[in-house]
Amino acid sequence: MDLVNHLTDKLLFAVPKKGRLYQKAIQLLEGADIQFHRSNRLDIAISTNLPVALVFLPAADIPRFVGEGRCTLGITGIDQVAESQVDVQNILDLGFGSCKLQIQVPAKGDISDPKQLIGKNIVTSFVNLADEYFRKLEGKAAGEPLATKIKYVGGSVEAAVALGVADAIVDLVESGETMRAAGLKPITTLLSTSAHLIGSTAHSNYADVADKIVARISGVLAATKYVLCTYNAPRDGLDALLKITPGRRAATVTPLEHGDWVAISSMVEKKSIADIMDRLSAAGAKDIIVFQISNCRV
């Protein structure tokens, strides 16, 4: 297969090729019905049902490919977008891959304030964000030399302190277990991050395809966040019940054969459904049923 020719009429969609974001991104694409088969030897997969080619890249490279217009859409951490310092559209927070970019220091040491690190050695793979933070901390303008020495390390950053390479690290932390195992503790958070859908600011010939993908992914996200709650209720209690389940825009109210009763359907946040069912029941609602939503458009 001549991939070059196959890519000329496709929207290019950059996806993390491995790591903490890969599996979630794949599940999201499946939920959006972007069908494809990825060969083990290729980092490009052609969609079988849309004019789309998935390009599997390191998460750190995706902002640049999208920012330079090489790819129209991409999925990566917002930390990588901030670190890359490129201009992209921040389209959607995808709600997974949540973690924090933190300064971590020896747990048994005497450092508790970032100001104590001025003039010391910092190791990180986020050199731009670390430089920006310590530049503000030192009160240095762009271009002025920093007293703090920031060194790049691509992996196993948490080992740098134990090996004597650094006095502190700046790295992503999810649960904190790895850092605690390495004898480290956080003293400040530079950035809270999660996976985002980003888009190129350059003109694209595939704007309609991009809009379709964004709508599909938005639907998948809404489906994971909401459930459909239906119930029957006396008409004279309708005002109070609709305050409990107003819906995203409005609830659907349908008359029943029993003239004094109505059926009500409303999208409700999944995390609140148990409390909402209790309140509905107390307000006179009957036959309360909750349905899972597999996909939707909102």
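**Conventions for all views.** Helices (H or I, at least four residues) and strands (E, at least two residues) are DSSP runs, numbered from the N terminus. The model is predicted, so that local features need a pLDDT of at least 70 and side-chain atom pairs count only at pLDDT 80 or more, whereas totals for chains, interfaces and linings use all residues. Residues are numbered from 1 along each chain as its sequence is written, and side-chain values use heavy atoms, with hydrogens and water left out.

**Figure 1. Overview of the protein.** The protein contains ten helices and 15 strands. Along the principal axes, its C-alpha atoms fill a box of roughly 80 × 55 × 35 Å. The radius of gyration of the protein is 25 Å, whereas a compact globule of 298 residues would have one near 19 Å; this radius is taken over C-alpha atoms, and the globule rule is 2.2 Å times the number of residues to the power 0.38. Of the 298 residues, 42% count as buried, where buried means under 20% relative accessible area, exposed over 50%, and partly exposed in between (1.4 Å probe, protein chains only). The protein exposes about 15700 Å², of which carbon and sulfur atoms supply 50%; accessible areas come from the Shrake-Rupley method with a 1.4 Å probe, and for residues only the protein chains shown count as cover. Among contacts (heavy atoms within 4.5 Å) between residues at least 6 apart in sequence, 71% join residues at least 24 apart.

**Figure 2. The largest nonpolar core.** A nonpolar core is a set of buried Ala, Val, Leu, Ile, Met, Phe, Trp, Tyr and Cys residues joined through side-chain atoms within 4.5 Å. The largest one has 30 residues, and Leu11, Phe13, Leu94, Leu197, Ile213 and Ile217 touch the most other members. At least two residues of this core come from each of strand 1 (11–16), helix 2 (22–31), strand 3 (52–57), strand 4 (73–77), strand 11 (195–199) and helix 8 (207–225). Helix 8 gives the most, with seven residues. Leaving aside residues up to four places away in sequence, Ile213 touches Leu11, Phe13, Ile34, Val52 and Leu73.

Figure 3. Two strands pair if DSSP finds at least two bridges between them. Strand 1 runs parallel to strand 3, to which six bridges join it, and Leu11 stands opposite Val52 there. Strand 1 also runs parallel to strand 4, through two bridges, with Ala14 opposite Gly74.

Figure 4. Strand 7 (residues 121–124) and strand 9 (residues 168–173) run parallel and are joined by three bridges; Thr124 has Val170 as its bridge partner in strand 9.

**Figure 5. Helix 5 and Ala130.** Ala130 is found in helix 5 (residues 127–138) and is buried, with a relative accessible area of 0%. Not counting residues up to four places away in sequence, Ala130 touches Thr124, Ile150, Val170 and Leu190. Lys149 is 19 residues from Ala130 along the chain, and 10 Å separate their C-alpha atoms.

**Figure 6. Two aspartates with positive phi.** Asp33, although not a glycine, has a positive phi of about 55°. Asp33 is found in the loop between helix 2 and strand 2 (44–46) and is partly exposed, with a relative accessible area of 36%. Asp287, also not a glycine, has a positive phi of about 55°. Asp287 is found in strand 15 (residues 286–292) and counts as exposed at 52% relative accessibility.
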